[in-house]
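Here are some exercises to work through with the model open beside you. Try each task first, then follow the solution step by step.

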Amino acid sequence: MKELLVVFSLWLASGLSAQESSKVFTHADTIRGSNTPQRSWWDVSFYDLHVKANPVDSSITGYNAITYRVLKPAREMQIDLQMPLVVDSIVQDGLELSARRDGNAFFVTLVAPQPARTLKTVTVYYHGEPVVATRPPWDGGFVWAKDSLARDWVVTANEGLGASVWWPNKDYLADEPDSQRVAITVPDSLLDVSNGRSRATIHNSDGTTTYEWFVSNPINNYDVAVNAGHYAHFSEDYQGEKGRLTLDYYPLDYHLDTARKQFQQVKPMLQCFESWFGPYPWYEDGYKLVETPHLGMEHQSAVAYGNHYKNGYLGRDRSATGHGLQWDFIIIHESAHEWWGNSITMKDQADMWIHESFATYAEGLFTECQQGKKAGQEYTVGQRKIIRNDTPIIARYGVNDEGSGDMYDKGANLLLTIRQLVDDDTRWRGILRGLNKTFWHQTVTTKQIEDYISRQSGMNLGKVFDQYLRTTRIPTLEYKLQGQKLSYRWTNVVSGFAMPVKVTTSSDRYGWIRPTERWKSTAVKLDRPEDFGVDDTFYVTARDILKPAADSTTARTVP
Ligand SMILES: [Zn+2]
């Protein structure tokens, strides 16, 4: 999610092409965002999470039993739990362990031997009042909301900030458990819907109920969620590429009828995305939509939904083409993350484009499924108006840094551009499906994604990725038409950029040219220079160098 995440607060006003210049990273960023020595020696196998949420005083209490595989013997272990939560004890093999706190991380001194290849468990007991999200899902934390009947509605949202804002874990994207239990205890009046499948509902003697959920697949820490409210429930089945998939819907009770209508968009979404990306990644865990007080989030197999049962993005079309008003943005965008983000997950926050560029491009693909190929292209092209080109899409590695919000709309346009370069829809579909097959349930780097697309397309796209992901510059095609001779070259590009592009080579058709940074020329059949144009599905700009540069004073109003 993280849509509209326009918190470039550190440099927004500065006008700097920010990059590294104004962001200062701290020791805390490094221990949060890198594979520290106290993390790298162990591999999470299972999280057994038990949390009791108390709306009366906004507190939680619980424990997480972390089972891990020892990769290499070690004595010190990093476990993340953010302030102001308090650790009560850390226990292994019946022994309480000592730990030193370093901000939001605990460094635990282990006593028992940790032989390589063995499975060990360490349990962290904790309590406190977790950070309250003031503007979820963007700022993140616990949300102690009320529904419109003033009843408690308790949820979590913590992408970016990290799951350690409410539960202790290895808060590092590159390590996911193979499976997880999520047991949430809430007052009897509430129903909790977390990730995976419901395994048990236990009515306790103190007026609370424990809802036990089980995720039988790897899951991103930030996708683990509490959703406790006065929910209604309805369900249906979907026959997909891997057989029967259960679809379960949890709207607030008073939205049941509205939800029955709006959520009819789920099946066409699954049909479209399975055809483009391959099987839905979590048949074992099912697909769920759960209403939340915030806009939405891609919580794995339990997508958070808060789009007020409207089409578009809260009723608006981000592409300004009208195509985006034909479907519900949150159902489409957040569900696309099941493939892009949840099944294929970035190893480092800096590579978040792998989640957002593909999920945003998926909006265009859904438009294509529903309204045709031209409409799909128009939708993605329409999103260019909200590209900022302020900072690069790829951020700084190892410090939990997030790149420009351009990872959404510019990233989608990069993918649309690459599709034009591939120029073969069957092959392009094969690339999108192949990425999902090759990196199924894995954490990846940008390089893996880039290399895969280059290899499968038969083109070296390294410079194209460099240009769009690592700079803020948009390639400019400089050209001049002299009679029937077209001369052209790329400027404003990274060195060695030589992306082919389609332009009008005769008055009624597009043809390929292969510009480089040096002038080239070719014969064309154009009656007038105005007949020249670049195929607008390529995200580039063009400049006729024989035409005087646009004069900024021409827009001046005459007094
Ligand atoms: Zn998203």
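**Exercise 1. Find out how exposed cysteine 369 is, and describe the disulfide that holds this residue.**

Step 1. Cysteine 369 has 37% relative accessibility, which means it counts as partly exposed; buried is under 20% relative accessible area, exposed is over 50%, and partly exposed lies in between (1.4 Å probe, protein chains only).

Before going on, a word on the source: this is a predicted model, in which local features need pLDDT of at least 70 and side-chain atom pairs count only at pLDDT 80 or more, while totals for chains, interfaces and linings use all residues. Residues are numbered from 1 along each chain as its sequence is written, and side-chain values use heavy atoms, with hydrogens and water left out.

Step 2. The partner of cysteine 369 is cysteine 272, with 2.1 Å between the two sulfur atoms; a disulfide here is a pair of cysteine sulfur atoms within 2.5 Å. A search of the whole structure finds one disulfide.

Step 3. Distant parts of the chain are linked by this pair: cysteine 272 is in helix 4 (residues 266–277) and cysteine 369 is in helix 6, 97 residues apart. Helices (H or I, at least four residues) and strands (E, at least two) are DSSP runs, numbered from the N terminus.

Step 4. Cysteine 272 counts as buried because its relative accessibility is 4%. The torsion about the S-S bond is about 75°, so the disulfide is right-handed.

**Exercise 2. Identify the protein donors of the zinc ion and describe the site.**

Step 1. The donors are His333 (NE2), His337 (NE2), Glu356 (OE) and Glu356 (OE), at 2.0 to 2.8 Å from the zinc ion. Donors are N, O and S atoms within 2.8 Å of the metal (3.2 Å for Na, K and Ca); water is not among the atoms, so sites may look incomplete.

Step 2. Along the chain, the donors follow the spacing H-x3-H-x18-E. Histidine 337 lies in the loop between helix 5 (329–336) and strand 21 (344–346), and glutamate 356 lies in helix 6 (residues 353–371), so the pair ties together parts that are 19 residues apart in sequence.

Step 3. The angles among the four donor atoms run from 52 to 151°, and the site is irregular. Four donors count as tetrahedral if all angles lie between 85 and 135 degrees; four count as square planar and six as octahedral if opposite donors are over 155 degrees apart and all others between 65 and 115; anything else is irregular.

Step 4. Histidine 337 is buried at 0% relative accessibility, and glutamate 356 is buried at 0% relative accessibility.

**Exercise 3. Describe how helix 7 is enclosed.**

Step 1. Seven of the 10 residues of helix 7 (residues 373–382) are buried, so this helix is largely enclosed by the rest of the structure.

Step 2. Among the buried residues are Gln377, Tyr379 and Val381.

Step 3. The buried residues of helix 7 pack against helix 5, helix 6 and helix 8 (406–422), where contact means heavy atoms within 4.5 Å.
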